[in-house]
Every structure is written in structure tokens, then in C-alpha cells.
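Reader: I have a structure to look at and would like to learn how to read it. Please take one feature at a time.

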Amino acid sequence: PIIMILVLVQVVVVVIFSLSAATKAAPPTEADLKNHGCVHRCGNLGIPYPFGVKENCYLSEDFFINCSESQPYLWHSNLHVSNISLDEGEVGIMNYISRNCYDLLGTPLQSNFGGWIDTGNFSISTKNKFTSIGCDTYAYLQIYENKSFVFATGCTSQCMNMSYVPDDGSCSGIGCCQTSIPKRVSYIEIYTYSFNNHTNVSDFNPCSYAFVVEEAAFYFSKTYLQNFTEH
């Protein structure tokens, strides 16, 4: 199993849910939900039906929101929910960033080389991009179906100094690279590595990073090469 070491920041991943397989019975009325003692909020997040935080308040187990210490999570997972949009059929979840760091001599520091996202019967939206940051970096994600590996994809980025890195906002393949998320994927594993332990770029880029993030919400900055997890 992959061990996830928590880092300082998270990024938002868009997840698609569908009601196509939902029961054909009429949805409960507001009075029904009130009679069951349903609440429509967890902390600062509104929880609209078919989602719910207690039994008889959600459509099925797929739509259960575990409200723990006023923090909303999908099911009993570590997938922190940041927003729910019924109109778009989307849920935003927070996901930790995988990183691989070295000191000036190329000695490994505490890193989490890999991570994973498992969205169950929901799909990871193609609005996301698999993204990697670094100048001595290669990263890839492995896609699974029914717990079996099917294929992998990824990207690579190498640059010898900051002058080659494009201005802020551009993830063009130099210092930052991206690739698309396949359709109808619900379980992925993320890996990030370096070619030379960052020894050639240690003065300005000690780490490689990899994550899945909503493309529209991500804005690349050169300063991310120095320490992305401080931003």
C-alpha cells in the first residue's frame, strides 16, 4: 500500500456524480427531510439532497457526507469535500500533493512519492489535469479499473535555471507540465520522482511535485519551484 505523508497544502479535484441510476421514486419533500431530523450543512458547506449527513437523509451510500468535527468528507474516506453543485453534477474534493524533495547535496528529505484518489462510483472529471512541478522531474499516474491496472500516463520537466521557465500563469512543460485525465476514471495512483536528486537545480528547485487539480483553478507561479507547499 502507498503511505501518504500529509503536506501543507491541498488542491481541488472535480468529481462527477450521476443520478441516472437513482431510484425512480419521488424524492423526499422538505417536510420529509425535516421529520427525519436532516440537516443541510456541515461547517461552512451546504449539503443539498441527494447528499446528506445522516441515515434517511441521503439517496444512497454514494451520497453520504461524513460530517466530522464540522468538516465534510465523502463516505468514511479522507476525501474532504469543498463544494457540491447539483446543477453541474459535480463535487469538489481536496487532495494532498505528492512530493519528492532533496537537500543541497542530493540527500532525500521526507517525501511522499505517491498518492491516490478513489472516488468509488463517481468519476474524476476531465476538467482536471494531472500536473507536475519541477526542473528535475518526471511524474505519472496509473489508472485502475475494478482494482486492476490498465494504463499509465504522465509528463516530464527539466530546466537548468529559472531563466528558461515561462512567466507566471503558464504551465507549458518547462518547470510545470500537464496532461489530460481520461474519461470515466475513478481510481488513480500518483507518483513523482527526479532524474538526478535535484543536484543540478538544488539552488532554486529542491522538490518535484505531482497532483490532480481543476485546470481552471490552477495558476502556475515560478515561486512554486522553490517550495510549492508554502503557497
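Reader: Is Cys 159 buried or exposed?

Author: Buried means under 20% relative accessible area, exposed over 50%, and partly exposed in between (1.4 Å probe, protein chains only). Cys 159 is buried at 4%, and Cys 135 is buried at 3%.

Reader: How many disulfides does the structure hold?

Author: It holds six. One of them joins Cys 171 and Cys 176, with sulfur atoms 2.0 Å apart. Cys 171 is partly exposed at 21% relative accessible area, whereas Cys 176 is buried at 0%.

Reader: What confidence does the protein chain have?

Author: This is a predicted model, in which local features need pLDDT of at least 70 and side-chain atom pairs count only at pLDDT 80 or more, while totals for chains, interfaces and linings use all residues. Residues are numbered from 1 along each chain as its sequence is written, and side-chain values use heavy atoms, with hydrogens and water left out. The pLDDT is the predictor's confidence in each residue, from 0 to 100. The protein chain averages 85, and 90% of the residues score at least 70. Over residues 1-8 the pLDDT is below 50.

Technical notes: Contact = heavy atoms within 4.5 Å. Disulfide = S-S within 2.5 Å.
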